[in-house]
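Reader: I am new to this structure. Could you take me through it one topic at a time?

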Amino acid sequence: MSLMRDVVIALVPAVICSFVFYGWREILLMLVSVASCVCLEWAVTKYMLKKPSTIGDLSAVVTGILLGLNLPYSTPLWVVFIGAVVAIGVAKLTFGGIGQNIWNPALVGRVFLLVSFPTYMTTWGAPKGVVDAVSGPTPLGAIQEGLMQGASVQDIMAEHGYSYSQMLFANLGGSAGEVCALALLAGFVYLCARRVIKPWITLSIFATVALTALVFWGINPARFTDPLFNLLSGGLILGACFMATDYVTSPMSVWGGVVFGVGIGFLTMMIRYFGSYPEGVSFAILIMNSVVPLLNMWFKQKKFGRK
């Protein structure tokens with residue numbers, strides 16, 4: 001329970017920022033997401049699995065918060081509930097509950113909604129208070145659309161007025177959890193200080209994304225976005241800091257975690273640069289979640305007391 005409590009505390013800055021920038025609608029969405037996850041876990045464990053309730057470990061609360069942060073603030077509440085059903089009922093409890101699920105539950109719920117309800121999941125609103133911001137595509141989406149029309153990355157950036165400072169403090173559209181990179185990084189630092197997560201996973205993701213972007217950007221800066229843009233845009237920070245580091249669905253060893261992070265970073269960039277979706281973090285993490293059993297077999301953690 002202490003681990004999940006620390007994760008909840010680490011997510012508080014991002015949640016507060018999402019409320020500040022998106023208002024009461026985001027508060028309502030978050031309440032529905034968390035309440036749905038908690039109530040579903042309680043009901044399924046009590047009436048279907050006939051087991052003691054597990055809601056006290058706060059893992060359902062964490063799943064609800066992460067699911068809420070991965071959705072546009074305008075998502076219909078009934079869609080949020082369906083996402084909770086998939087996250088808790090399918091991705092988590094089908095495998096036996098916390099500690100036994102293969103994939104991150106919140107990401108499974110998010111990807112299911114993206115595939116099933118693409119209109120709702122790709123309708124973005126700009127945060128309140130962002131100068132000259134209007135509803136429209138995310139920076140990643142705008143870049144992808146502009147490139148398809150023959151424009152260069154530099155022209156697209158200038159046309160939309162994107163700046164790195166805006167991405168750092170108030171992202172121009174996207175999921176609620178993408179609104180403030182600094183809030184997410186503050187939570188990451190807290191989790192590292194509390195030794196709750198494995199920082200090498202997050203750092204290897206960031207390093208791989210930056211290096212891959214640097215190579216492609218160096219080859220053709222008019223066609224490919226630069227490293228800083230890719231680090232600050234989309235759900236990379238949220239995914240790398242809070243979902244890829246899930247101790248249940250990530251490798252146990254240091255080198256296994258590094259390979260895991262490198263795989264996530266590389267797949268993310270391949271999807272962003274060459275895929276049909278402008279964002280690839282969720283897909284990349286779920287794909288690498290599937291590889292974790294192999295990584296645990298290939299890279300074994302040293303046992304305490306052994307050289």
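Reader: Which residues are buried in α10?

Author: In α10, the buried residues are Ala181, Ala183, Leu184, Gly187, Phe188 and Leu191. They lie on the same side of α10, because they cover an arc of only 165° around the axis. Buried means under 20% relative accessible area, exposed over 50%, and partly exposed in between (1.4 Å probe, protein chains only). The arc is taken from the directions from the helix axis to the C-beta atoms. This is a predicted model, in which local features need pLDDT of at least 70 and side-chain atom pairs count only at pLDDT 80 or more, while totals for chains, interfaces and linings use all residues. Residues are numbered from 1 along each chain as its sequence is written, and side-chain values use heavy atoms, with hydrogens and water left out.

Reader: And which residues are exposed on the other side of α10?

Author: Val189 and Ala193 are exposed there.

Reader: What do the buried residues of α10 pack against?

Author: They pack against α1 (2–22), α9 (164–169), α11 (199–219), α12 (227–232) and α13 (236–243). Contact here means heavy atoms within 4.5 Å. Helices are DSSP runs (H or I, at least four residues), as are strands (E, at least two), numbered from the N terminus.

Reader: What comes just after α10?

Author: Arg195 comes there, with a positive phi of about 55°.

Reader: Changing topic: how many salt bridges does a search of the whole structure find?

Author: The search finds three. A salt bridge is a side-chain nitrogen of Lys or Arg within 4 Å of a carboxyl oxygen of Asp or Glu. One of them joins the side chains of Arg194 and Asp6, at 3.2 Å from N to O. Arg194 is in the loop between α10 and α11 and Asp6 is in helix α1, so this pair ties together parts that are 188 residues apart in sequence.

Reader: Is Asp6 buried or exposed?

Author: Asp6 counts as buried, because its relative accessibility is 5%. Arg194, at 47%, counts as partly exposed.

Reader: Which residue forms a salt bridge with Lys92?

Author: Glu41 does, and the closest N and O atoms are 2.7 Å apart. Lys92 sits in helix α4 (residues 77–92) and Glu41 in helix α2 (residues 24–48), so the pair links distant parts of the chain, 51 residues apart. Lys92 is buried, with a relative accessible area of 3%, and Glu41 is buried too, at 0%.

Reader: And where does Arg272 come in?

Author: The side chain of Arg272 meets that of Glu279 in a salt bridge, at 3.0 Å from N to O. Arg272 counts as buried at 8% relative accessibility, and Glu279 counts as buried at 14%.
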